[in-house]
Amino acid sequence: NVRRLEAEAIRDSILIVSGRLDRTMEGQGVLPHLTEHQVGRGKPASGPLDGNGRRSVYLAVRRNFLNPMFTAFDYPTPFTCIGKRTVSNVPAQALVMMNNPFVLQQAELWAKRSLAVPDRSAEQRVTALYEAAFSRPPTKAELTAATGFIAEQAKEYGKPDDLRAWTDLAHVLVNAKEFIFIE
């Protein structure tokens with residue numbers, strides 16, 4: 001059966017592909033990042049956007065200031081005990097993956113990491129991105145589409161191997177259903 005990853009696993013997966021995941025066990029929790037839209041009485045201090053790379057289990061939970069990404073992906077409300085999480089598939093999830101500052105930041109870091117490896121062709125870079133995101137190489141059609149996408153984006157941005165072109169591809173891969181659903 002196909003099932004969607006939980007909110008925390010999606011966030012951790014994004015941190016893994018970007019190379020930002022801090023695998024340190026135990027230690028102090030990290031304050032959650034609060035957006036300018038999260039307002040209210042008793043608003044706590046905001047933490048870093050990427051939570052210092054710590055796994056999601058180490059993010060502090062503020063009951064009145066929940067992480068918008070987690071909320072979209074059925075994070076249980078911290079007011080009561082939940083025996084089993086609900087699992088939905090709603091448009092807000094796609095919007096979060098397209099527009100969330102954390103997702104955008106990590107896509108750029110992933111692209112930088114990909115470009116930092118010298119002497120790689122576009123095909124080799126695309127293959128590495130697919131292997132990191134989906135644990136498999138791209139099909140011939142996917143490789144052709146991705147390298148064509150990079151070429152078009154590079155033309156749009158005005159130079160080959162433009163970071164923004166590779167960031168766009170990394171963002172596309174994170175937004176693929178295969179990234180957040182597993183069989």
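Me: In which helix is Ala132 found?
Reply: Ala132 is found in helix α5. Helices here are DSSP runs of H or I with at least four residues, numbered from the N terminus. Note that this is a predicted model, in which local features need pLDDT of at least 70, side-chain atom pairs count only at pLDDT 80 or more, and totals for chains, interfaces and linings use all residues. Residues are numbered from 1 along each chain as its sequence is written, and side-chain values use heavy atoms, with hydrogens and water left out.

Me: Is Ala132 buried, partly exposed or exposed?
Reply: Start with the cut-offs. Buried means under 20% relative accessible area, exposed means over 50%, and partly exposed is in between (1.4 Å probe, protein chains only). Ala132 has 36% relative accessibility, so it counts as partly exposed.

Me: Which residues does Ala132 touch?
Reply: Contact means heavy atoms within 4.5 Å. Leaving out residues up to four places away in sequence, Ala132 touches Val17 and Trp110. Now compare sequence with space. Ala132 and Leu173 are 41 residues apart in sequence, and their C-alpha atoms are 9.9 Å apart.

Me: Which residues of α5 and α6 meet?
Reply: From α5 come Ala122, Glu123, Val126, Thr127 and Tyr130. They meet Glu142, Leu143, Ala146 and Thr147 of α6. By class, this contact has 5 nonpolar, 2 polar and 2 charged residues. Here Ala, Val, Leu, Ile, Met, Phe, Trp, Tyr, Cys and Pro count as nonpolar, Asp, Glu, Lys and Arg as charged, and the others, Gly among them, as polar.

Me: Why does the length of α7 agree with what a helix should span?
Reply: The expected span is 1.5 Å times one less than the number of residues. Helix α7 (residues 163-175) has 13 residues, so it should span 18 Å; its end C-alpha atoms are 18 Å apart, which agrees.

Me: Which residues of α7 are buried, and what do they pack against?
Reply: The buried ones are Ala165, Trp166, Thr167, Leu169, Ala170, His171, Leu173 and Val174. They pack against several helices, including α1 (7-18), α4 (101-116) and α8 (177-180).

Me: What does Asp162 reach at the start of α7?
Reply: A polar contact is a pair of N or O atoms within 3.5 Å; within protein, one must be able to donate a hydrogen and the other to accept it, and residues adjacent in sequence count only if both atoms are side-chain atoms. A side-chain oxygen of Asp162 comes to within 2.7 Å of the backbone nitrogen of Arg164. Asp162 sits in the loop between α6 and α7. At 3% relative accessibility, Asp162 is buried.

Me: Where is Ser56, and which side chain does it contact?
Reply: Ser56 is in the loop between α1 and α2 (68-72). Its relative accessible area is 5%, so Ser56 is buried. The side chain of Ser56 makes a polar contact with that of Asp12 at 2.8 Å.

Me: What is the phi of Glu26, and of Asp119?
Reply: Most residues other than glycine have a negative phi. Glu26 has a positive phi, near 65°. Asp119 has a positive phi of about 55°. Glu26 lies in the loop between α1 and α2, and Asp119 in the loop between α4 and α5. Glu26 is exposed at 61%, and Asp119 is exposed at 78%.

Key
Helix = DSSP H or I, 4+ residues; strand = E, 2+ residues; numbered from the N terminus.
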